[in-house]
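Welcome! Take a moment to look over the sequence and the 3D view, and then we will walk through some parts of the fold together.

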Amino acid sequence: MTTSFSCRAVLRGALALLSMSALEAHAGGPPAAPKAPANPLMPAFNQPIAFSKATKADVQQATTLAIANTKTALTAIYSVPAGKRTFANTMLPLDAMSDNFGSVAGPISILFNASPDSAVRNQAERSLALISKYGNELELDEKLYRAVKDYSKTKEAMALTGPRKKFLTETVDEYERNGFALTPEKRQELQKLNDKIADLSLAFGANIAKDRSFLLVSEADMKGLPDDYVKSRPREGAMYRINVDGPSYTTFMKYAESEPMRKQLYTLYNNRAAEANLPVLKQLLIERQKKAQLLGYKTYAAYQTSSRMVKNPETVWAFETKLVDRVKVKSQQDLDELLAVKRAYLKDVNVKTIAPWETSFYSNLLMQNKYQVDAEKVKEYFEVNHVVDGLFNTTQQLFALKFNEVKNPSVWHKDARMFEVQRDGKLIGRFYIDLYPRDNKYTHAACFGVQSGRATAKGYQLPTAVLLCNFNAPTAGKPALMSHSQVVTFFHEFGHVMHNLLTTAELSAQSGTSVKRDFVEAPSQILENWAWNYDALKTFAKHYQTGEVLPKPLYDKMWTARNVGSGLAASQQILYGTLDMTLHDRFDPNGTETTTDVLKKLQNQITPFAYLDGTNMQAAFGHLTGYGAGYYGYMWSKVYAEDMFSVFEKNGIMDSKTGLRYRDYILAKGGTDEEYTLVKNFLGREPNQDAFFKSLGL
């Protein structure tokens, strides 16, 4: 479920803008910036980024140039005489400048998260910190605010309609929400707070990426694990090394018969980066609280939700409470099923509890024994290249697209692949995929938007997105096979790619995934449904040795078992959302209660699994930086995703009319209209929660 998406508003949210373009003026905008020396991270208009050529010096130079070019663009905006301001000489250049400033952050963020070169990676981290700090300065630039405010009072501005009116209104609101109601002295204080928050957020993510925890286990402790997993483990003498990356951890927890080793690995996994990050998280919460109160909000959650679909924390709390109540019965049913399996396995009718490090193991036995679904057998039908082809064919057919792989692309690592996307024979965007885990790489699965689509004087700027994943790598004599849950994750993240690439928005600020944070997951969540549909699956789910299509009886068992554990899974998501909201709305970071105390209390309240003393899951919960007071959005947006999917269920999941309607009404629109309005227009009715609760098996 982990997702990062096109972050695009450095100007209105420090280091949120990670889009990319050459710095050129929109029609009627400021003069073009001085021509920069050739830099692989700053290609000519609509040319691909030369990732493989980027050195530490290039990263450094690109950062310096981005700041210098932004200052040039600022001067042009400032210099428009009073009374002469128009959308063309103020708002379009502002959008272009904001986009261009992110032109460096986009590719640099990929190098930070995926480059195998430590010198490049370390410089990328330093550069992102600099870019973020300069973005914080821009957020509080008095002259820029005055330019926008002056324009907003003109007759032309008052007559604006549609996306342009929305852009102006939101820009002014965001400025005032972010400090322009403050005195100059208080704004300086706010800038320092923003800088601290940016530094702490970067450190939090870097500490998670640097964690090298592993467990050494004996051959006897490897009992139950698949042969290819055992063969692929690094050895230290007679011992096997089990890392805490996603595939390594989840496979061990699912199959290892040794309960003590599973408990040890669970403890290790839930203490990743704890020593470094617990104090970082505490300080981050302190600085965020200071920021919110300086801006006139009671809590950071109140500040964050004020510009989102929910509008306030009270709506989130009501939503989470309703979810807890609806999910409780299903969670208990799920737990009872697992307890029955555990009692049978241990031959002990008195077993009354399940520990969190036992859930995967007993869930797997439940799937095998009661539902006859063997995850290892299922994996044999999901060879990674077949899945890639299937995903691509599905989305190409749904949205009338064509993907072409670029031969010998300039990429950051040999595993990365590059594709061009065509619509009606015309190039409309690019995306990259980098599927396997390695040292010093981002540890989850996520889509990074590195360039926004937008209208320019040179034509439409091609959007670009990167998909960084951590799926099972191929082993000697065996290709890369994906679990079905990984297939679902792959489809999910590709939903973000499509949202980025199919944009037709005029402005970068409204392009692709530039929607409210609590809606951004909906276009990725809806695509998960195709990974569960047999008509879609049978086109690519083929046995890696025999080529046999996934048998319908096996699929039927998978479908029957789809909602096995859905209550437990939902309760875990509710825990994450509630933990995030509690830390930002009902917690005093300066008090005696710790973030671990909060975690313990909530885990014991919300999930059926008792908190294990000595664990600190929150230290590696990366969403606490990117999604601060926003993780509830996963479940909130799923309500809209499932409601929209109900139209495909009714019309046929590969129905081209519905696919194109969804493409044009939701994906292409980006943030050009209110999200609720977009969904309502697509549905042809008011949205509701019926399909959402049905999807959970409730």
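This is a predicted model: local features need pLDDT of at least 70, side-chain atom pairs count only at pLDDT 80 or more; totals for chains, interfaces and linings use all residues.

**Strands**
- Strand β5 covers residues 417-423, and strand β6 covers residues 426-434.
- These two strands pair in the antiparallel sense, with 7 bridges between them.
- Together β5 and β6 make a hairpin with 2 residues between the strands. In the turn, D424 has a positive phi of about 50 degrees.
- β5 also pairs with strand β4 (residues 402-405), again in the antiparallel sense, over 4 bridges.

**Nonpolar cores**
- The largest nonpolar core contains 137 residues. Those with the most contacts inside it are F382, F431, F494, W530 and M644.
- Let's zoom in on F431: leaving aside residues up to four places away in sequence, the residues it touches include F403, R417, V421 and F494.
- There is also a second, separate core of 58 residues, and among its members are F51, M91, L92 and V148.

**A helix pair**
- Helix α7 spans residues 184-210, and helix α11 spans residues 274-294.
- Their axes come within 9 Å and cross at roughly 155 degrees. An angle over 145 degrees counts as roughly antiparallel, so α7 is roughly antiparallel to α11.
- The crossing of α7 and α11 is left-handed.

How values were computed:
Residues are numbered from 1 along each chain as its sequence is written. Side-chain values use heavy atoms; hydrogens and water are left out. A nonpolar core is a set of buried Ala, Val, Leu, Ile, Met, Phe, Trp, Tyr and Cys residues joined through side-chain atoms within 4.5 Å. Buried means under 20% relative accessible area, exposed over 50%, partly exposed in between (1.4 Å probe, protein chains only). Contact means heavy atoms within 4.5 Å. Two strands pair if DSSP finds at least two bridges between them. Axes are lines fitted to C-alpha atoms, for helices over the stretch in contact, and angles run from 0 to 180 degrees between N-to-C directions. Angles under 35 degrees count as roughly parallel, over 145 as roughly antiparallel, 65 to 115 as roughly perpendicular and the rest as oblique. A crossing is left-handed if the near helix is turned anticlockwise from the far one by less than a right angle, and right-handed if clockwise.
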